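Please brief me on the packing in this model.

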Amino acid sequence: MKVLMIGYPDEDGIDAVTGAKTPGIGQLQAAFDKANPTIKMEIVSIPWGEGATGYAPKTEAMIKANEACLYEMPAAPAYGKRGLLVNLDTMIAKDPTFKNLWGDAALESARSWGPDNPKNLFYIPNNAGVRVIHWDTKLFKDWGVEPLSAKPTIQEIETKAAQMTGKNPVTGEQNYGYWYQGKYAVWQFMAIAHAMGAHWGAETAEGKLEINWDSPEYLQAMEWFVKMSAYAPKGALATEGMPQGFLTDKNVVAIIPEGENGYFIPQLIAQPQMRERFRSSYNLKGADGLGGLNSVSPLAMAASCPNKEQAWTVLKWMASSPEAQAYYFNTSGRLPVVEGGEKSVPQVAELPDGAIVFDQVRTTDAVYPWAAEQPRFALQAQLEAALAGKVTAKQALEQAQKETDDWLSKQ
């Protein structure tokens with residue numbers, strides 16, 4: 001039985017920044033084999049990649065060829081809609097030993113439309129990422145700016161970013177008030193837009209997506225994002241991560257949104273001296289108290305799997321066992337999703353903003369059913385064009401809407 005996993009290292013290694021050991025995927029395999037000696041399971045690990053060499057085309061090819069039983073699958077709702085996944089409610093109904101360790105809210109938010117049921121459970125989360133807003137306390141102090149709030153508003157970020165862009169009054173270095181990950185800017189944009197009252201649309205009772213990018217709220221959000229990009233280093237548009245110097249004394253960016261777990265949790269654990277300098281706040285929140293990308297990792301079962309009962313045993317272990325939860329954290333800083341999982345990663349709880357980190361995971365937006373589909377990529381491409389000054393915000397949204405409508409018409 002094969003299990004497809006995404007983004008885990010093939011071999012044990014050493015983190016170049018922290019010096020900590022990072023376990024390769026073989027350690028997860030060994031832990032499973034030890035706990036389940038009667039099941040022959042093989043993990044296939046692929047990189048995230050992008051474009052034609054990304055995980056999405058590889059996943060599509062594998063599921064069409066019936067190559068695996070279980071899939072770590074960001075686009076699980078889309079595959080479920082095509083009838084390619086098992087509704088896990090059917091497995092739960094036949095399992096008298098099943099315990100919902102993930103909580104009702106987590107499993108409810110995972111439900112999506114399928115050919116025979118509008119509320120299928122096509123996946124169970126096996127771990128979660130987090131996206132917070134970082135801020136450099138030293139730069140705030142140098143500029144004489146009040147610390148960032150635990151739940152900052154759009155206006156607070158705009159005001160303070162402007163105040164800290166320029167020559168640092170203490171060091172004389174060029175400082176920047178704001179940051180964005182150009183290649184993944186769509187998720188930051190969605191948090192901004194939600195905080196401004198925008199909503200992407202809905203999934204109808206018939207499973208159809210209704211998506212509206214070309215709205216006054218999204219226009220306001222994109223215009224704000226473009227304005228804020230002037231407070232960021234010029235290389236931000238081409239980046240996929242944090243600014244140069246992040247989590248070191250060479251950092252020159254004051255407010256750094258979209259800090260992902262792998263960028264800061266292992267590093268702050270390894271560098272206690274940096275914990276008070278680099279603090280974390282919640283991602284931007286809307287009027288509903290939610291906000292930020294829901295980046296749970298979905299584990300799904302292929303409908304073509306020949307041994308579903310055995311696959312169900314594997315899935316439950318991969319999604320809830322202490323060994324698996326520890327592996328995800330130790331290799332990439334991914335956080336536990338089972339209730340009470342904080343106890344298994346006390347290193348995070350010890351961080352100054354550990355409580356915010358855990359609570360941000362619980363207060364994200366609902367899962368975007370289009371997150372691994374063409375609407376996401378259309379919006380990302382046009383957002384990049386707007387940030388580069390090639391099109392206006394209005395033109396960007398109109399083009400993203402056109403491409404999205406074209407895709408929706410073929411669904």
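Is Gln-29 buried or exposed? Gln-29 is buried, with a relative accessible area of 16%. Buried means under 20% relative accessible area, exposed over 50%, and partly exposed in between, with a 1.4 Å probe and protein chains only.

This is a predicted model: local features need pLDDT of at least 70, side-chain atom pairs count only at pLDDT 80 or more, and totals for chains, interfaces and linings use all residues. Residues are numbered from 1 along each chain as its sequence is written, and side-chain values use heavy atoms, with hydrogens and water left out.

**Around Gln-29**

- Gln-29 sits in helix α1, residues 25-35. Helices (H or I, at least four residues) and strands (E, at least two) are DSSP runs, numbered from the N terminus.
- Gln-29 touches Met-41, Glu-42 and Ile-43, leaving aside residues up to four places away in sequence. Contact means heavy atoms within 4.5 Å.
- Met-1 is 28 residues from Gln-29 along the chain, and their C-alpha atoms are separated by 12 Å.

**Five-stranded sheet**

- Five strands form an open sheet in the order β4-β1-β5-β16-β8, with mixed pairing. Two strands pair if DSSP finds at least two bridges between them.
- The edge strands are β4 (42-46) and β8 (123-128), and each pairs on one side only.
- Neighbouring strands of this sheet are turned by 20° against each other on average, direction ignored.
- Strand β1 (residues 2-6) pairs with β4 in the parallel sense, over five bridges. Val-3 has Ile-43 in β4 as its bridge partner.

**Three-stranded sheet**

- Three strands form an open sheet in the order β14-β9-β15, and the pairing is antiparallel.
- β14 (255-260) and β15 (278-281) stand at the edges with a single partner strand each, so one side of each is left without a neighbour in the sheet.
- Strand β9 (residues 131-136) and β15 run antiparallel and are joined by four bridges. Ile-133 stands opposite Ser-281 in β15.
- Helix α10 (residues 261-270) packs on the sheet and touches β9, β14 and β15; its direction makes about 90° with that of β14.

**Helix pairs**

- Two packed helices are described by the angle between their axes and the distance between the axes. Axes are lines fitted to C-alpha atoms, for helices over the stretch in contact, and angles run from 0 to 180 degrees between N-to-C directions.
- The axes of helix α9 (residues 216-228) and helix α15 (residues 374-387) come within 9 Å and cross at roughly 45°. That makes α9 oblique to α15. Angles under 35 degrees count as roughly parallel, over 145 as roughly antiparallel, 65 to 115 as roughly perpendicular and the rest as oblique.
- Met-222, Phe-225 and Val-226 in α9 meet Leu-379, Leu-383, Ala-386 and Leu-387 in α15. The residues of this contact are seven nonpolar, no polar and no charged. Ala, Val, Leu, Ile, Met, Phe, Trp, Tyr, Cys and Pro count as nonpolar, Asp, Glu, Lys and Arg as charged, and the others, Gly among them, as polar.
- α1 and helix α11 (residues 308-320) pack at about 125°, with axes 12 Å apart. That makes α1 oblique to α11.
- From α1, Leu-28, Ala-31, Phe-32 and Ala-35 meet Val-314, Trp-317 and Met-318 in α11. By class, the contact of α1 with α11 has seven nonpolar, no polar and no charged residues.
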